[in-house]
Amino acid sequence: MTTAQPSSALRILCRTTAAVALLSLAPLSGALAEVMPTKESAPLAPRANDPAWARADALVKQMTLDEKITYLHGLFPPNTKPAPADMIPSAGYVPGVPRLKIPTLRESDASLGVANQVEQRKGDVATALPSGLALASTFEPNLAYAGGAMIGAEARAKTFNVLLAGGVNLTRDPWAGRNFEYLGEDPLLAGDMAAEQIKGVQSNHIVSTIKHFALNAQETGRHVMDAQIDEADLRESDLLAFQIAIEKSNPASVMCAYNKVNGDWACQNDFLLNKVLKRDWNYPGFVMSDWGAVHSTVKAALAGLDQQSGQELDTQIFFGDDLKAAVAKGEVSQARIDDMVRRILHGVISSGLMDNPTPTTARPIDYDAHAKVAQAVAERGSVLLKNERNLLPLAKTAKKIVLIGAHADVGVLSGGGSSQVRSVGGAPVEIPLNGGEAASFVRVTWHASSPLEAIKAAAPGAEVVYVDGKDSVAAAAAAKDADVAIVFAWHWQTEAQDAPSIVLPENQHALIEAVAAANKKSIVVLETGGPVLMPWLDRVGAVLQAWYPGQRGGQAIARLLFGEVNPSGRLAMTFPKSADQAPRASAPGFAEQAAIDDARRAGQTVPGIKSFPVRYVEGAAVGYRWYAQRKLTPLYPFGHGLSYTSFAYKNLKVDDAAGLKVSFDVTNTGKVAGADTPQLYVTAGKRASTVRLAGFEKVDLAPGETKRVTLTVEPRILADYETSKPGWSIAAGSYPLYVGRNVGEPVLSGKANLKAWSRKP
Ligand code: BGC
């Protein structure tokens, strides 16, 4: 690995400037918030039967105040001058305490692989997984584990020991910039998948975060917007996904978000950090801030923030000398400082890092083996949305195949932001951005995995031609006499910006229409971060949702199209028919932010976007639940996905004697092997009665084979959260349920007679 090139360091520096510009204009920032400290919450009581807690406590007792304070604030390597000798460009660095063998924390982004945005470490490649939404669409927690384990192994070999992974914010809006990084709209699916990903990362004895706590559901104005939602709604939706994932995987750290939640920034939000996370969930690990998300010293420390990350991205170093001074003044107690350090050390010890230090120099990585994980996720997570007249799978005997658009000759699209991996094979296409908050650390990037080459290899006898699709007339002419025409359509999304709309950009609708008019056998492969509108749908024979398919995406797409792999992905997010079906048709604040970006491009000095509220009117009815409540029929429902075979469900048994268990048979009734994901939905909740995904399992079946599936239901999925108690409860009664192919296609229906049930928060 090499040190940062001057140009990339400069780009990263710009990211700082952008963040500071926004923050400095936020009303009620730093100073005012600082004079309103919350009462200090008692440090967590000693935890019985937690050896990591006892070891952490013993270490804390040996540390000086200066050593403790040093561990409470992290550097942002691209901006650190002079850089410590062992620092390499990445997201973060926190010096350790060598005399006590307390490790230096070396942090890397890792949502989809070991990140290397804008190639800050020249030539340092890593395995790039498909997007998080593709992973969620596999409905296979074991693939999430495999992905996490792979990333963790690469990170450790590259000398990193803290991974900024585990993004589990629910996808509330189809245009939201980071949807591709997250795990979809359902708390059970997202929570289960995040848990396995984190377990996989931490199986390498390194720290994983879970992020962004909480409600970082849109990128527009992410540093200043105020996410507003009722407590019960929050507990039943985004917080439930976090709660499930944290309980199952014990992430060493939780990263608090940029935005405000109900009036207070997430990183100084007493309700979120002290009350929910540390008190109600008894979370023993540490809360690290997002990069540039801290606004105060005393208030943040008392509200539950344990570590300031990437300090150069904040307006000041809050958790350094300032914190020390606050201790001297008695504004923050020594006990709270000890609590902060103990929590960090708890994560370092419980993850296994303390006893298994990371290497000091990079180690070799088996990239070929790791690429198989990336390919498996792409193959199992791609969703066959439509397949009329069995247009797919393609026959290997086809004589002429035309591929159109999206640089399908050289690669596949990737989502932008801190998750960006410089993948093995490099980036054949990279386009810098012309302004906007993402411009300083993001380029529109393609991974080198050519669908053209993969399709040529799959059909060696065919003439396979690529046209770039810029000219619809030329594309239609090329498609006219082909056996099949495949349009690769793209919609790029990135952290730090929401998409202006979910319409395919440039001339792609016209392109698809023109190709479909010229050739009846037209197929669309979608490389998108999430849902897009499809006004052309009736004109094309088949649509494969390939998401951002990662560094083996080209090969995966070819194998799916030719039936070497039977598609088995199921949508982890609802696809709307029109933009106005979703709770918000576009990002609140988008127009204001766009005007600011335009003025900046024109060289004007302009203030940043002002704080603004976003009221989440759907509450806990995120995604498909919103559609069910409003009786809206989407274009494609949550859970939808076709196969080259067919499946039957039979013999439903509802066991509601103690809790709820549902079992049934799944049979492959077709002629080829395939995998299905039957889904259990229960209509529950007296506060807001909605249909809820209560269980799922992916099953691989040979032709004619039957397997019995048993799903055990997590009661909180069916429960109401009652703030008056406070806690979870299910009222005794009869609850309708069904096993379906997706939320809109019930196959077996029944009822569960549930007894009254309750649980603390
Ligand atoms: C992102 C985080 C990321 C951090 C460090 C922030 O802008 O929101 O997800 O981990 O940067 O790169």
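This is a predicted model: local features need pLDDT of at least 70, side-chain atom pairs count only at pLDDT 80 or more; totals for chains, interfaces and linings use all residues.
Residues are numbered from 1 along each chain as its sequence is written.

The ligand is surrounded by 14 residues, a residue being near a molecule if one of its heavy atoms lies within 4 Å of it. The closest are Asp-109, Arg-178, His-212, Tyr-258 and Asp-290. By residue class, the shell consists of five nonpolar, two polar and seven charged residues; Ala, Val, Leu, Ile, Met, Phe, Trp, Tyr, Cys and Pro count as nonpolar, Asp, Glu, Lys and Arg as charged, and the others, Gly among them, as polar. Oxygen atoms of the ligand lie 2.4 Å from a polar side-chain atom of Asp-109, 2.7 Å from one of Tyr-258 and 2.9 Å from one of Glu-495. On its own the ligand has 310 Å² of accessible area, and the protein covers 100% of this (Shrake-Rupley method, 1.4 Å probe; for residues, only the protein chains shown count as cover).

An open sheet of four strands has the order β8-β7-β5-β19, with mixed pairing. Strands are DSSP runs of E of at least two residues, helices are runs of H or I of at least four, and both are numbered from the N terminus; two strands pair if DSSP finds at least two bridges between them. At the edges stand β8 (264-265) and β19 (613-615), each of which pairs on one side only. Three bridges join β19 in the parallel sense to strand β5 (residues 226-228). Within this arrangement, Ala-227 is placed opposite Val-614 in β19.

Arg-106 belongs to strand β2 (residues 105-109). With a relative accessible area of 10%, Arg-106 is buried (buried, under 20%; exposed, over 50%; partly exposed in between; 1.4 Å probe, protein chains only). Not counting residues up to four places away in sequence, Arg-106 touches Asp-86, Met-87, Ile-88, Gly-92, Tyr-93, Thr-159, Phe-160, Asn-161 and Val-162, where contact means heavy atoms within 4.5 Å. A polar atom of the Arg-106 side chain lies 2.3 Å from the backbone oxygen of Asp-86, and the side chain of Arg-106 also reaches the backbone oxygen of Thr-159 at 2.9 Å.

Thr-127 lies in the loop between β2 and α5 (132-136). Its relative accessible area is 0%, so Thr-127 counts as buried. The side chains of Thr-127 and Glu-154 make a polar contact at 2.5 Å (a pair of N or O atoms within 3.5 Å; within protein, one must be able to donate a hydrogen and the other to accept it, and residues adjacent in sequence count only if both atoms are side-chain atoms). Beyond four places in sequence, residues touched by Thr-127 include Leu-112, Met-150, Tyr-367, His-370, Val-421 and Gln-551.

Ser-351 is located in the loop between α13 (334-350) and α14 (367-381). Ser-351 is likewise buried, at 5% relative accessibility. The side chain of Ser-351 reaches the backbone oxygen of Gly-347 at 2.8 Å and the backbone nitrogen of Leu-353 at 3.5 Å. With residues up to four places away in sequence left out, Ser-351 touches Gln-202, His-205, Ile-206 and Val-207.

Key: Side-chain values use heavy atoms; hydrogens and water are left out.
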